[in-house]
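Have a look at the sequence and the structure first.

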Protein chains: 2
Amino acid sequence: MTDKDINAKHKARMQEQKANVDKRIAAAQEDKGLLLVITGNGKGKSTSGFGTVARAIGHGLTAAVVQYVKGTWDCGERDLLEKNGVTFHVMGTGFTWETQNKETDIQAAQAAWKHSKTLLQDPSINLVLLDEITYMVSYKYIDLDEVLEALSNRPKDQHVVITGRACHRAIIDIADTVSEVRPIKHAFDNGIKAQKGIDW
Amino acid sequence: MTDKDINAKHKARMQEQKANVDKRIAAAQEDKGLLLVITGNGKGKSTSGFGTVARAIGHGLTAAVVQYVKGTWDCGERDLLEKNGVTFHVMGTGFTWETQNKETDIQAAQAAWKHSKTLLQDPSINLVLLDEITYMVSYKYIDLDEVLEALSNRPKDQHVVITGRACHRAIIDIADTVSEVRPIKHAFDNGIKAQKGIDW
């Protein structure tokens, strides 16, 4: 084939692909607040949630974050996002294997969930990130049915992002978009320390 | 079991877990610039990359972004991050099925790659995000060996994040941390439009 032939073939293939994409875009016409779930055992779930918050506030939307596990230590994304108008609620007990006290963990989870419910009833908040809430459901520190009810009854334009491993199937069922982040490899397993700006 | 027994059991289990975690943290002592790859077909790869940028600049690190595919239209995260000191280079031809011209696509990819190489030689940049560069390698618009060489010879403390589907195996081999984002479901497939602040 000559270069001209190759280019003509490329153009024809791309035109066909564009037609397919345009058709799918035309078919997708519904506007609604989305429930996004980012689950799985790989690295990048919370950063994806925070990236979505950055995207939303970059567009002038309002956003609020509840951090159910991380956030007790110095945290780069919180510093930046708070400076740019995002409100944070940090559960503040750290990983459960640090506290080793189930009762105080449950109390902290319940307080964070109570705050989350007020966000999920507030139409002035365009995006709510419930970071690592999945663990609280797995541990039964907060009630699955309450979570499902609050998500289902939220303002209809409000977006919600849920992150954390092993998201409960019932939450996945009512979600609009679900991604599973799988670990292929992790630097930590090769003796490399958690790096500031990357891992925290 | 009484409540007291349950709590004691919980505490013992958590102590054991903490000991394991602490042992792994103690074993991980190396400091180095990380190469992170976020690949796969699911939603959340670029937002995870941008979330990492937000985290890094929140810690006072410097960051630069090269967007190989997206970024030709209004983009929430760019607005926020540029305002906070991140430099952006946008390849600027849009999706390849929009341009339908292979030659100009290759020129644009080469220009973006040339800029990326200068970033990968600049020790004053702590984090480089090469957003959706994987497609350029797949299409052979930029040379795999050049990419591998530039990544391998970068300043030793510099972090790099690579996003995009179908990352080449040779890049995965030299990466420190690799996550694969798998699609479980996507709102778009159910007729819901791309939503401002979430999808762009």
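A residue is called buried under 20% relative accessible area, exposed over 50%, and partly exposed in between, using a 1.4 Å probe and protein chains only. By that scale A:Glu180 is partly exposed, with a relative accessibility of 23%.

A word on the ground rules. This is a predicted model, in which local features need pLDDT of at least 70 and side-chain atom pairs count only at pLDDT 80 or more, while totals for chains, interfaces and linings use all residues. Residues are numbered from 1 along each chain as its sequence is written, chains are lettered from A and ligands numbered from 1 in the order in which they are written, and side-chain values use heavy atoms, leaving out hydrogens and water.

**Two copies and their interface**

Contact here means heavy atoms within 4.5 Å. In chain B, 80 residues are in contact with 80 residues of chain A. Of the interface residues of chain B, 100% are also interface residues in chain A, so the copies meet through the same surface. The size of an interface is often given as the accessible area lost when the parts come together. Between chain B and chain A the buried area is about 7,400 Å², with 56% of it from carbon and sulfur atoms; the loss is computed with a 1.4 Å probe and summed over both parts.

**Charged pairs**

A salt bridge is a side-chain nitrogen of Lys or Arg within 4 Å of a carboxyl oxygen of Asp or Glu. The count over all chains is 14, and four salt bridges lie between chain B and chain A. Here are some examples.

| Salt bridge | Closest N to O distance |
|---|---|
| A:Arg182 and B:Glu180 | 3.7 Å |
| A:Asp157 and A:Lys156 | 3.2 Å |
| B:Arg169 and B:Asp173 | 3.9 Å |

B:Arg182 lies in strand 6 (residues 177-185) of chain B and A:Glu180 in strand 6 (residues 177-185) of chain A, so the pair joins two chains. Strands are DSSP runs of E with at least two residues, helices are runs of H or I with at least four, and both are numbered from the N terminus. B:Arg182 is partly exposed, at 35% relative accessible area.

B:Arg169 and B:Asp173 are four residues apart in helix 8 (residues 169-174) of chain B, about one helical turn. Both B:Arg169 and B:Asp173 are exposed, and A:Asp157 and A:Lys156 are exposed too.

**Inside the model**

A nonpolar core is a set of buried Ala, Val, Leu, Ile, Met, Phe, Trp, Tyr and Cys residues joined through side-chain atoms within 4.5 Å. The largest has 44 residues, and A:Val53, A:Leu81, A:Val86, B:Val53, B:Leu81 and B:Val86 touch the most other members. Not counting residues up to four places away in sequence, B:Leu81 touches residues including A:Leu80, B:Phe50 and B:Phe88.

The rings of B:Phe50 and B:Phe88 have centres 6.1 Å apart and planes at 5°, so the pair is stacked. Rings of Phe, Tyr and Trp (its six-membered ring) pair if their centres lie within 6.5 Å, and planes under 30 degrees apart count as stacked, over 60 as edge-to-face and the rest as tilted. Both B:Phe50 and B:Phe88 are buried.

Notes: Buried area = accessible area lost by both parts, 1.4 Å probe.
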